[in-house]
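Good morning, and thank you for making time for this presentation.

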Amino acid sequence: MIAILKREFKSYFNDMLGYFMVAVFLLFFGLVFSFNNIQAGSPFYAYSLAGIISYLPVLIPILTMRSFSEERRSKTDQLLLTSPISVWKIALGKYLAMVLVFAIPVLISCAYPIIIYMTGDYAYPLTDYATILAFFLIGASYIAIGMFFSSVTESQIIAALLAFGFLFLMSMLTELSEKIPLDEWKNAVIFVGMAVVFFLIFFKMTQNFYASFVVFACLCILIMVLYKVNPDMFYGSVGQILHSIPYVGTLVYFAYNIFDIPSIVLYLSVSVFFVFLTIQSIQKRRYS
Amino acid sequence: MIEVKNLVKRYGLIPAVDNISFTLHPGKIYGFLGPNGAGKSTTMNIMTGYIAPTGGDVLINECSILEDPEEAKSYIGYLPEIPPVYPDMTVEEYLKFVTELKGVKRDERKKQVDMAINRTRLTDYRRRLIRNLSKGYRQRVGLAQALLGNPQFIILDEPTVGLDPKQILEIRRLIRELVIPDDSVEKSEGEEKPIVLLSSHIMQEVSAVCDEILIIAHGRLIVMDTPENLVARYHTKDVYEIEARTTEENLNEVLAPFKEMAEFEFDSNDMPEGVSKVRLSFAKGADVAEVLFKTLAKAGVPVRQLRAVVPTLEEIFLQLVAKSDEEYAAREEERMKEEARKNGIVAEAETEEAADDTAEESEEATPEEGETEESSDEEEKEGGDET
């Protein structure tokens with residue numbers, strides 16, 4: 001795993017990508033810091049960070065798009081997968097290398113709260129560092145998501161677009177939840193739509209139409225029965241579910257000086273889940 | 001020792017590898033031969049753990065590639081068809097990375113990298129970026145990485161494809177040296193001779209390098225033997241080819257005494273004017289070259305050429321592949337007929353059900369899943385009787 005981590009990390013700096021990513025992140029950190037904290041005089045670097053979290057869905061896919069796609073395209077994955085090393089070590093090595101690249105600008109930005117502390121009248125370094133940690137963990141979970149999409153396709157562009165689309169939707173969950181209609185029947189229809197998506201994914205993974213259809217039919221029957229028994233439970237239900245997982249929105253808790261452990265657990269869980277999905281995606285390709 | 005047991009790989013319903021079994025022994029170079037799409041690369045990819053089989057297993061030193069993949073893979077050095085090299089690394093960096101990947105001990109890494117570089121004659125290129133190397137040198141880098149970690153089993157997938165003739169000879173020499181090393185190569189104590197399995201669709205290459213040949217077509221292993229045995233096995237007739245300056249009729253007349261012993265095959269189409277060619281096939285062991293010559297000389301027929309025709313490995317290969325093609329076509333036809341028959345029975349049963357027949361009748365007509373061959377045979381018989 002260490003060998004893969006080292007090679008991957010070095011490969012980012014063998015060409016422009018690593019330097020580009022570090023430079024762009026530093027540019028964003030530097031801009032918000034100079035505008036909000038130096039010019040506007042705000043003592044909270046945490047708020048500045050919360051302002052740039054919405055750029056992560058664009059930047060992270062650029063970092064992750066080549067991780068597995070490029071290996072597949074150039075067939076170097078044959079070296080990795082025929083070496084006496086397990087798939088989870090390969091995935092973890094690559095993941096940690098990308099996290100390390102992302103960590104460089106984040107670590108450099110750790111100097112900003114110190115600057116505020118040394119030069120400002122007020123400073124809240126603990127809040128700032130807690131927010132930086134949350135920001136880093138959100139970025140790390142985005143990297144896991146981007147890596148998963150890179151493992152499903154040979155094309156870097158498609159990997160980046162899929163990751164961007166997914167991350168964009170994720171970061172818009174709170175806004176989306178407000179736009180979803182409240183009517184019971186419309187919510188029920190959305191659930192049926194979700195069942196259709198689930199059916200398609202299940203069918204793609206198992207290649208078994210009947211099994212997938214049975215699962216789909218069961219889900220539809222369940223939705224219909226629940227709707228018949230208690231239609232009120234569908235009122236605004238999709239919006240509520242989306243609102244209850246405000247993922248990116250949780251960064252604000254840290255900025256408000258709340259060290260929200262459930263959010264930390266959520267970020268780490270998402271990372272672990274998508275690294276796991278990446279491993280499954282590679283294994284599935286070996287067996288298909 | 002490597003044992004491949006009943007290996008099957010299906011893509012959908014199509015078998016890419018169809019129940020292949022063989023055993024490979026140390027110190028030998030095996031040639032994996034087959035036409036394009038025969039299943040060579042798929043078999044090799046399964047043997048190296050790159051893809052998983054649909055059925056069967058590969059045991060490397062009694063270690064299953066499915067149950068204990070990490071240990072099994074530690075015995076393998078693999079050069080795929082496209083060398084798996086990273087263009088942004090130097091040769092030395094890349095090889096060092098591979099030693100780390102293969103879990104070579106820290107103090108042995110440099111020694112192993114040097115050994116691989118020496119063996120593949122890459123000394124002058126060790127600090128070059130791989131992206132700046134030619135195809136031949138990339139191939140050498142690929143071969144060098146396959147040698148790292150002292151693998152007991154080296155798999156090379158079409159190692160000479162796309163190389164120039166000089167590079168082809170170099171690579172062949174390198175492959176031979178893996179089993180019979182030259183004096184310049186330092187060998188560790190107790191190091192066992194490896195098994196080398198190389199795939200190719202070029203017969204000369206395989207016959208020049210390999211001790212044994214495995215011929216595969218349509219995913220099935222057709223034959224596994226030494227080149228000499230293969231020739232001996234398919235050299236069932238003594239064939240003589242005679243080119244003489246005379247007419248076919250005259251040649252036929254002069255050689256009339258041999259008519260009872262041999263089959264005659266005239267083919268003078270490509271010959272210059274006035275020259276005839278005949279092929280005489282005798283039973284094996286008929287040493288008649290001199291007798292033929294004397295007969296022709298006595299009749300005053302000017303002989304341009306008289307030669308014994310021994311089947312080449314290439315001819316044997318083509319012959320075997322052609323036979324396999326026929327068998328495959330027959331199998332496919334049989335399969336399609338079987339499918340059509342099944343569909344026919346199902347369709348028949350459906351019509352009967354639709355016509356609201358009695359339950360007894362529909363039971364007879366519709367074969368249930370998992371029914372024995374006997375019952376389906378009976379149905380076939382019934383169907384035949386009806387017609």
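Two residues are in contact here if their C-beta atoms, placed from the backbone, lie within 7 Å. Helices (H or I, at least four residues) and strands (E, at least two) are DSSP runs, numbered from the N terminus. This is a predicted model, in which local features need pLDDT of at least 70 and side-chain atom pairs count only at pLDDT 80 or more, while totals for chains, interfaces and linings use all residues. Residues are numbered from 1 along each chain as its sequence is written, and chains are lettered from A and ligands numbered from 1 in the order in which they are written.

I begin with chain A. An automatic or database domain assignment divides this chain into domain 1 (2-178 + 245-286) and domain 2 (181-235). The centres of these two domains, taken over C-alpha atoms, are separated by 33 Å.

Which helices of chain A do the buried residues of α4(A) pack against? They pack against α2 (16-39), α7 (87-109), α9 (125-151) and α10 (156-171) of chain A. A residue counts as buried if 20 or more other C-beta atoms lie within 10 Å of its own, as exposed if 12 or fewer do, and as partly exposed in between. Helix α4 of chain A (residues 56-64) is largely enclosed by the rest of the structure, because seven of its nine residues are buried. Among them are A:Leu56, A:Leu59 and A:Ile60.

Let us turn to chain B. Four of its strands form an open sheet in the order β2-β1-β4-β5, with antiparallel pairing; two strands pair if DSSP finds at least two bridges between them. Strands β2 (14-24) and β5 (63-64) of chain B stand at the edges with a single partner strand each, so one side of each is left without a neighbour in the sheet. Strand β1(B) pairs with β2(B) over eight bridges, and B:Val8 has B:Asp18 as its bridge partner in β2(B). With β4(B), strand β1(B) pairs over five bridges; there, B:Ile2 is partnered by B:Ile60. Within the hairpin of β1(B) and β2(B), which has two residues between the strands, B:Gly12 takes a positive phi near 70°.

Finally, the chains together. Their contact takes 17 residues from chain A and 20 residues from chain B. On the chain B side, the elements giving two or more residues are α2 (69-74), β6 (76-79) and α3 (91-101) of chain B.
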